[in-house]
Each structure stands twice: as C-alpha cells, then as structure tokens.
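Dear colleague,

Please find the structure below, handed over for your own work. The findings follow directly after it.

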Amino acid sequence: MDQARSTISKIFNGEPHSYTRFNLTQNMEGDNSQVEMKLSSDMDEEVGGNGTAEHLNHNSRSKPYVTQRNGRTPRNLCFMVVAILLIFIIGYLIGFLVHRKKDMAPACTNTFSPKKDPVVMERGAAPVMNWDSVKKLYAEKLKMSNFDSTFNTFASSSHRAGTPGDDDLGNKVIRRFKEYGMATWTDEHFVKVQDLSGTNKVTFNGESVDLKGFLSYSAPGTATGAVLYAHYGREGDFSMLRYQNIPMSGRVVLVRAGLISFAEKVANAAKVNATAVLIYADQSDYSFLGSAEIFGHVHLGSGDPYTPGFPSFNHTQFPPIESSGLPKILAQTITPELATKILKQLQGPKIPTQWGFMGSGKLGGESDLITVEVNNMLTEKKITNVFGVIKGFVDADRYVVIGAQRDAWGPGFAKATVGTSVLLEMARAISEMQNSGFKPRRSIVFASWSAGEYGNVGATEWLEGYLSSLNMKAFTYVDLNGVVTGQSGLKISASPLLYTLILSALKEVNAPTRGAPSLLAQYGRDNLDSLLEAMNMDSAAYPFLAFSGIPAMSFRFTSEYMNYPYFGTELDTQQKLQATTSGQVTQFAEVAARFAGHITLRLVHDHLLQLDLQKYTRIIRYNVFKINGKVAEVQKLRPQVLPKALTMQWLMSASGSYSRASANLATDIQKSDLEDVEMCRMINDRIMAVERNLLSPYVSPRDNPFRHILMGSGPQTLGALIDHLDAIKNDRPEADADVFRNQFALATWTIQGCANSIAGDIWALDNEI
C-alpha cells in the first residue's frame, strides 16, 4: 500500500508527499479511549484550498500545492489518463488479493453454545455447507428402502466370534466399505475365550438336566450346596439376606437375570462365599422364553481377561496373567422352566415381601441340595476387527468412531445384524454426501467389532493396542449395538459431556411414525433426564468411556414395560424382532441411523466440538456435597477413627477449580479470534482433555481398567469414597481410615489435574489447594 501511495503521489505531484505515522492508543478497560492521527501536510493544504489556512501537525518541509493556470495541455491530459488507469489497476489488484486471503482462511465460528446455532458459511479448505444443508442432504441420502436388503445380506444363523461365519461377515463389511470409496484396514487379535465342551449339568432332587447354554469364563468343575434364592443378586439383595441372618457361605445361589450384568451377580455371590451361581430369566422380566437356553459371560471387565491392560496381539512377550475380574466360583444359566421347578420345591425361610412371591415362597433350606457341573474349555481364537474411514478435510487426524459388533451366540438379529446394517447405511449415506459437496472437518471411523458377546473383546483389545494415540485423537464413540429392541420407549446412556448434543439431536429427529413429533417430544415428554440411564458394563461404549477416557454413548429403542427377552438366545431372530416392534424394524432402524448420524455429523461439521464441559461441574459438586456430609457424620460419631485433621477444603477447592476452569474456557471461546484455525484446534484440545483427565493416573489399568473417577468402577471413584465412609461409620470389616484418606487425596488431585488441563497454559492454572 505504501508503494502504491508513493507512486500515485509522484504521478500527481512529481515527488512523494511527507506522511506522519498513525498513533493509536486505546485503554483496554474502555475508558479514555483515544485515536491520534497525524495527516500529511499536503492533504491539509488541499483542504485549505489556497494554501494559506492554519493546519494542525503540519510538516514544515512539505511544499504547498501549486496550481497551474494552463494545466490542461495534451501532455498533461495524457499523464492524467495513464494515472487513472494505474490507480484502477492497482486498486483492483489490492482488492483481489484481500478478498482471496479472506476466502482461503476458513472461518472458525463458535457453535459451542447450545442456545445459539448460527448459520455458518464455511470457505476455502473448510466445509462449504451450513448445518441446515447438511441435515437436508443426509436425509436425502439415507434411504429406508435400503435397509431390508442390507438386513438380508448380513443376517446369519451362525456367526459366533472366530468362526468362518464371523469371518465371512467381516469380508462382506470390508467389501461394502471399499464400494463406498472408503479407506479400509483390519485389526487381528488372538484372544482366549471359553466355549462349551460337552454338556453342563444341574442335578436337583435326583433329577439331572443337561444344559446347552453356558456362561463363558466361569470357573470349571463341580460344586454341591444348598439352594438359596437371592432375587437379582445385587449387593442390596445379599444385604437383605444378611440382615435376616440367612447363612450364605457354601450355598448355590439362584438369581434372576436383569438390572445388573451376569458378571456383577457372580462377583456379588463370590463376596458372600457362595460356591456357585445359577441365573435364569424370570417370565415377569423376560416373557415368551419357555425352554430357551441362555448364553453370556461372567468376566467382570471387558476384553481378553488373560491379557488385562494390554492387547492380545500375536507373539506378545507379556507373562501369563489373569484379570482380577475372573470369577473363582462356578456360574451357569438355566432355563426358565427348570428355575420354576426348583423354586416350587424350596423350603426354609420366607422370601422377603419386597421381592414378591416366587415358587413356594421360600428362600431355600439347608436340605435343598443341588449339584452344578460346568465343563467349559478355554480356547484361543483369532478375531478380526474391520474398519473404514471417511477422512476429514481440515483436522483429518481427529475422528469420531461409530461401531457395532457383528458376532452373536445364535442368529443375533437384534444384537448384531441391525447394528451392523445401521453402521453400513450410515457409511453409505455419508460417503455419497461427499459427492454432493459435503466436506467433514474431521474424520469418521466406522468399526465392525468381533467377539462382542464375550465381553466387548474386539473393541477393548483395539483400545488397549492403540490407547496412547486414541485418547488424544478420538473424541467420541457412538455405539450401535442393539439399537432396536422395541417401539414404545427410548433409553440413552452417555458421557455427560454429550448431553447437550444429544438433546439437540432429539429435537431435530422425528419419531418413526408419519407426522410424529420429535424424538424428545415422543419419548421424553420434552425432558432428557427421563431418557437417560446409567451405562452398563456390558455396553461396548463402557470401555471407551471408563477405560480410555473417550466420551461415548449408546442408545436403544425398547419396550417401555418389558425387556427384549431374546438377547443371548437362539430366538433372537428377525421374526421375533418384527413381532416385538409390530413389524416396524426397518422404520426404527432408519430413525436410529438418523439420530446417530445427526450426532456424528454435528461433531465433524462444527468448528468447535459440542462437548459441554459444565455438565461435569454439577456432577462433581453433587458428589463432593455427599462426601462432605458423610465426613462430618463420621467425624461426629467416630472422631477417633476419622479425626478433624481430615478437612474437606482440599476436595472443595479442587471442585471449585474445575468449575472455574470450565467457565473460563467458555469465556476464552467468546474472546478468542475464532477465525484462526489453529486457535480452534487449541480450544478443541482443551475440550478433549476433560474425559481422559478424569481417569485416575494413580490406578494401574491392568489391575483396575475402568479408572474413570465418576463413570468407572473401583476404589478410585467418588462413589467408592462414599461407600467407604459408610463402611467406616458402621465399623464394617472392610473399613480402613488410612486407606480412605489415601483414596480421598488421590481423587482430589485427579479432579485438580483435570481442571489444570482445561486451563491450558501453565500461567493460567488455578491451583488453590
């Protein structure tokens, strides 16, 4: 610009004008703001007209403008024409360059606020569609008519993990990914699983019954003991029996399926020294099963239990080791018919009225002996995970992962086929969107897992194999397992960071029936809380969240008053699922794809990740409030055990640090130059750090893999601190004040460390402890 200005001055005046510089001074508080501008003396004189006016800041060396009486000579006119052409050309070039620079810099508009969803016209290397256009294009590309043919292609009567049927489905998935133009790869693991060898047996009152169903990872062998009915096998159920002084050691515990996982039921029975566990599906919870055999696993964890904390790659040099979640007692499923026969013949004390009336109404006496024989065999299998990726155009190294298992104990139509079909139809639709101009900022990884029925083995082994990079690059996981199991209800389990995004998607996606309102209005009565449920350890989303620190979610359309009864049985067929959904499997699968697609596309489209950090503020405060009350209670009742020296100020300060850090980040977003792509990336890094920094760094992932202090399990969680305070208060054997104080301090520092990670720069840390 200076050169252009100098050239113009020479043309008009024969020599350059003298310019003084601009002096801009501004008070950052907004008071006494001033702008001082020193203009050229020549310009002042021109304003004066005759060169005799008084001027401010006049440069005394500048020559006055001299008018010429006879200036319009042919030579001067020629010079003027040339000058005008030069001015026009220079102005055009400057305007072109400035405009081109703006176009090449992708705008980084703030779409973080859930209250405001601005229309963003993205330019240059960034996406070129606003969100409304993306939604409309996805709706056009996702066709309900495609689902039936996909169901037929991927339905199978035999696709247990590691079998030829499983491998055949994996090859079909990868061929589809390639047809869609996606980059593909596979991930092989050599895992140890338990399968049935021969038959397992139960003998009661002289009658022996052979069983085809089994629970993988049960302790093998034979056990005999008196039957004891324990409702659902929850800790509270065993506490009820303890309160009634019912002997539990050496008993064979009979429990109903549901509410908690098989593995948790067996672990709870092992705590009271039971010798075996029998699990059945009661008709009040799972109707229409009849004599169907039930399959499952009882590893209190996920992944290969013989390589805890590290991947099951071939030729690994790790020494043999077993997961602490492997049970030491026998576990076996029995049919509902057999369970009814046993319950009708039990003697002993009456069943608590809270549990309802079962069979004879008795819990079981010392003479009600039963023998359990388990003949499971440990085998090694090669499993293969299959992946396809749609690469992002800006942050290709950041990705959302969408996954579904493809293996099942039997047909597994609801468990595996529907999820796999939704996965593939989403991949096809989003791939076709690229041909219509859609450019995702970040990548989308589509994953087809194997060995999901053995405890999410395929997904967990992948996480263990690449954990150091995944929790820095993968920012969300969306699970598609079992997304359609009914029609009258909707349940969602997710990281709190995703609640705001989920709420937005529920408002945007309509329910399956024609003319129906949004999913939120149809199933949640405009209330997200009514749809949320705790994430089960059996969910494939759980290891992503609690083990890897990656925000994760799962969801399912379900029956409001009845669980889908056919999971883990040979009856999980397309015909059974059609009957459960009144023939609307295709419609609900398409809505599930739209709901998951809206969440996925929003995460890869927006400049800033829509992960709401302040949702954890309320959860942390609630837990700190409960711990504070428990500590005060224990210090009052047992001051000699928990002295006043233990102050809550530590934990409260850490909680306050997190609250301020999350609020400050929202403020930083508002104040930052969000047209700077690198600035957006830095802010997103701070957002992504939250979940993984809630993993306790003081717990070994091999000994306790689910290290999340809010969503995980184990002594490092805030929930465990509350339980430990109850144990100290009631002087239970497991209570240990010194251990509690250590856990208390480590939980405090985990929260403070998470707050520090949000703060970003070291000089912005708020460490008041």
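At what angle do the axes of helix α4 and α17 cross? The axes of α4 (residues 131–141) and α17 come within 11 Å and cross at roughly 145°. Here axes are lines fitted to C-alpha atoms, for helices over the stretch in contact, and angles run from 0 to 180 degrees between N-to-C directions. Helices (H or I, at least four residues) and strands (E, at least two) are DSSP runs, numbered from the N terminus.

Two remarks on provenance apply throughout. This is a predicted model, in which local features need pLDDT of at least 70 and side-chain atom pairs count only at pLDDT 80 or more, while totals for chains, interfaces and linings use all residues. Residues are numbered from 1 along each chain as its sequence is written, and side-chain values use heavy atoms, with hydrogens and water left out.

On the α4 side, the contact (heavy atoms within 4.5 Å) is made by Trp131, Val134, Lys135 and Tyr138. The residues that α17 contributes include Arg594, Leu601 and His605. By class, this contact of α4 with α17 has 5 nonpolar, 3 polar and 3 charged residues, where Ala, Val, Leu, Ile, Met, Phe, Trp, Tyr, Cys and Pro count as nonpolar, Asp, Glu, Lys and Arg as charged, and the others, Gly among them, as polar.

His605 also takes part in a polar contact of 3.0 Å, side chain to side chain, with Asp606 (a pair of N or O atoms within 3.5 Å; within protein, one must be able to donate a hydrogen and the other to accept it, and residues adjacent in sequence count only if both atoms are side-chain atoms). Asp606 lies in the loop between α17 (585–605) and α18 (615–637). It is buried, with a relative accessible area of 1% (buried means under 20%, exposed over 50%, partly exposed in between; 1.4 Å probe, protein chains only).

Turning to the sheet, 7 strands form an open arrangement in the order β3-β13-β15-β14-β16-β18-β17, with mixed pairing (two strands pair if DSSP finds at least two bridges between them). The edge strands, β3 (183–196) and β17 (489–494), each pair on one side only.

Strand β14 (residues 395–405) runs parallel to β16 (residues 474–479) over 5 bridges, and Val400 has Thr476 of β16 as its bridge partner. Parallel to β15, β14 is joined by 8 bridges, with Ala404 partnered by Ser448. Of the 11 residues of β14, 9 are buried. Helix α20 (residues 677–692) lies across β14, β15 and β16, at about 35° to β14.

With kind regards
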